[in-house]
Amino acid sequence: MAKRGPERDAGAALTRGAKRARRGPTAGVRGAKAGGDGPPVSELLPERLSLGSVRDAAAGCRACDLHTRGTQTVFGEGPSKADVMMVGEQPGDAEDVAGHPFVGPAGKLLDRALADAGIDRRRVYVTNVVKHFKWEPRGKRRIHARPNASEIAACRPWLETEIALIRPRVLVCLGATAAQALLGKAFKVSQQRGQFVPSPLAPRVTATVHPSSILRAPDDEQRHAEMQRFVADLARVARELSRKET
Ligand code: SF4
């Protein structure tokens, strides 16, 4: 049985997720002010939803104040029929400059871990809960700052629409921000990483650490150990993909 219909343009078959996205944020902070000077995302969603049309619409988003800090919107990327969607927190410094997600050091580490876990990178769509880089100045450097609940809520319709259009078989939250945004505040990556949890977002949903946390390990030994745990979490995803294919 085909896992999806052949028509990827969701204009004719708007999914529940995309309809929910049109109605606005659902992250529990409905109505919170995100400080933007533009219309909310729900008003920017194009009539005919496709990854291309939504990406184009997101390029001009000013729904929260992060658009004043980031260089550009960094929308998700990957195949429209991706089996796996990986959701991180936000684009980093390199992604902000390049305009593409997961192309910096953390993205390269993710690529290595996917290869080690046996997941074909071409089957993976990568995105973030927030599409603009939030940073604070430290000297000449731009240091990552965690997005707050209202910024995450303001940006959420973009992510919900991506999920609705891709309809991944497995959704993987990378890091606590993504996991708590999508799986609830009570979710603890440190305790529940690698487990599959019930969720309406996708048939199989799990969470693990963000690859940037591995880069921050204090020494090579711990970095190696954390990489092994990360690959083990992703190997569970690989097994799930292969089990579903049989
Ligand atoms: S972070 Fe999201 S909601 Fe905020 S301006 Fe960027 S794209 Fe729009």
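## Pocket lining and open sheet

By class, the residues lining the largest pocket comprise twelve nonpolar, ten polar and seven charged ones, where Ala, Val, Leu, Ile, Met, Phe, Trp, Tyr, Cys and Pro count as nonpolar, Asp, Glu, Lys and Arg as charged, and the others, Gly among them, as polar. The model is predicted, with local features needing pLDDT of at least 70 and side-chain atom pairs counting only at pLDDT 80 or more, whereas totals for chains, interfaces and linings use all residues. Residues are numbered from 1 along each chain as its sequence is written, and side-chain values use heavy atoms, leaving out hydrogens and water.

The volume of this pocket is about 720 Å³. Of its 29 lining residues, Ala106, His144, His210, Ser212 and Arg216 are the closest to the centre. A pocket here is an open set of points on a 1 Å grid over the protein atoms alone, where a 1.4 Å probe fits, with protein on both sides within 12 Å along at least five of seven lines; lining residues have an atom within 4 Å of a point. The volume is the space filled by probe spheres set on the points, which are joined across faces, edges and corners.

The elements below each give two or more residues to the lining; β4 gives the largest share, four residues. Helices (H or I, at least four residues) and strands (E, at least two) are DSSP runs, numbered from the N terminus.

| Element | Residues |
|---|---|
| α4 | 93-98 |
| α5 | 105-117 |
| β4 | 141-144 |
| α9 | 211-215 |

Five strands form an open sheet of mixed pairing, ordered β2-β1-β5-β7-β6, with pairing requiring at least two DSSP bridges between two strands. Strands β5 (residues 170-174) and β7 (residues 204-208) pair in the parallel sense over five bridges, and Val170 stands opposite Arg204 in β7.
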